[in-house]
Amino acid sequence: MAQFYSPKRRVTTRQNSPVLTLTVDNLDPFGQGVAHHNGKAIFVPGVLPGEQAEVQLTEEKNKFAKGRLKRLLSRSPQRVEPRCPHFGVCGGCQQQHADESLQQQSKAAALVRMIARETGVTPQQEPVIAGPQYGYRRRARLGLLWQPKQQRLVMGFRQAASGDLVPVTRCPVLHPELEQLLTPLRSCLSALQVARRLGHVELVLADNGPVLVLRHLDALKEDDRQALQAFARTKNVTIYLAPDSDSLEKLCGETPYYQVDGLRLDFSPRDFIQVNDHVNQQMVAQALEWLSIQPNDRVLDLFCGMGNFTLPLARRAAAVVGIEGVATLVANGQYNAHKNRLNNASFFHENLEEDVEQQPWAAQGFDKVMLDPARAGAAGVMSHIVKLAPKRVVYVSCNPTTLARDSKVLLSAGYRLARVRMLDMFPHTGHLESMALFINGSAPEVAAK
């Protein structure tokens, strides 16, 4: 997620500050309206471009300020009614009041501005890779809190700018199969003997049905186990129990899996998988196209997880090597490669933030490189990618700041930034995901699609 100001700077809270009448002229990726007053940018949640509003300043810094909406004086045609009854209180979504085109345009424009500012290269804006705006999330974690005075169990998401739980009965961004579990699940958990000692519950939608992971702080008695199994049978849910952060016990159900590029990938419910299946399918297909894999290519997949890109690449290349820092993901990648009869895919468990030059894979040669790092980016491996001199590099990013930083290493080594696309992986939120194609020297660019 992009950040346009530093939270470490000194903040002055305005007491009894005057109310300003402002017109918002832009939207930042977080869904905040951006207005200007006396040469200073003012960020106001809940106001859209073109709207005039009465705003009271709440915080002020040297170069910008924050305000809260007191009264909306005009209404943008791009303002829509949020579908979620908890919007504005729950901290999960920030932009349900803005229509789809405005959300995507503001994020895509912010991505281009940031890359241009940091690298001096202004990429051409391309169509956003997107899917449904609602019902897209196939994973969510809900907090559980027993309220002794009310004698009830609260299940919900964290409140915006607070650690308090917002009781949630609906969540339109959740896949419908998960959303419809919210009310009966809370009823089931409330009736357990261990209801006062529950931590959280994770919901995951696999291709073979919903999966539930229950974090419980005390051991479950047999009656509670039977109650959960009865719930699982009624709702066709696979249930895992998590007595601590390291342990996982399957109480009932099938091993979850999802499919990508015609491959089946089994996974543990705690494994990282992309939250938005529709966008993930398109993202993998775009990466395959941009890399233009040839039958004799050797491909390196950095930060490979359990093989979301690795295994589709292995269907097309001579050999693919995946590098991942989480041992369980490496094991699952190896298992899924074997299960899908992809003998040309190999995985290494290595920390890519350490000295990669000494790691066993580093002495190998590669024609193409794929990387999908976490928010911190890939600073530790960029110089080695340059040494490998691959013909093409595809970089998938969840943080445009580190994408821009890492891009400079490739650009200074003679690569050109050929393509950039914004991924609308998390509609209605401030997450800004993207993917970029770098081509070595004068190699021809792939045809646009």
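Q: At what angle do helix H3 (residues 182–190) and helix H4 (residues 222–235) pack, and how far apart are their axes?
A: H3 and H4 pack at about 165°, with axes 10 Å apart. Helices (H or I, at least four residues) and strands (E, at least two) are DSSP runs numbered from the N terminus. Axes are lines fitted to C-alpha atoms, for helices over the stretch in contact, and angles run from 0 to 180 degrees between N-to-C directions. Keep in mind that this is a predicted model, where local features need pLDDT of at least 70, side-chain atom pairs count only at pLDDT 80 or more, and totals for chains, interfaces and linings use all residues. Residues are numbered from 1 along each chain as its sequence is written, and side-chain values use heavy atoms, leaving out hydrogens and water.

Q: Is H3 roughly parallel or roughly antiparallel to H4?
A: The cut-offs are under 35 degrees for roughly parallel, over 145 for roughly antiparallel, 65 to 115 for roughly perpendicular, and oblique for the rest. So H3 counts as roughly antiparallel to H4.

Q: Which residues meet there?
A: Contact means heavy atoms within 4.5 Å. Pro184, Leu185, Cys188 and Leu189 of H3 meet Ala227, Leu228, Phe231 and Lys235 of H4. By class, that is 7 nonpolar, no polar and 1 charged (Ala, Val, Leu, Ile, Met, Phe, Trp, Tyr, Cys and Pro are nonpolar; Asp, Glu, Lys and Arg charged; the others, Gly among them, polar).

Q: How do H8 and H9 pack?
A: Helix H8 (residues 379–388) packs on helix H9 (residues 400–412) at about 20°, axes 9 Å apart, so H8 runs roughly parallel to H9. In H8, Ala379, Met382, Ser383, Ile385 and Val386 touch Arg405, Asp406, Val409 and Leu410 of H9. Sorted by class, this contact has 6 nonpolar, 1 polar and 2 charged residues.

Q: What does Asp297 touch?
A: Beyond neighbours within four places in sequence, Asp297 contacts Ser292, Ala317, Ala318, Ala319, Asp367 and Lys368. The Asp297 side chain also reaches the backbone nitrogen of Gln294 at 2.8 Å.

Q: And where is Leu432?
A: Leu432 sits in the loop between strand E22 (415–423) and strand E23 (433–440). At 1% relative accessibility, Leu432 is buried. Leu432 and Leu111 are 321 residues apart in sequence, yet 7.8 Å apart in space, C-alpha to C-alpha.

Technical notes: Polar contact = N/O pair within 3.5 Å; in protein donor to acceptor, adjacent residues only side chain to side chain. Buried < 20%, exposed > 50% of the residue type's maximum accessible area, 1.4 Å probe, protein only.
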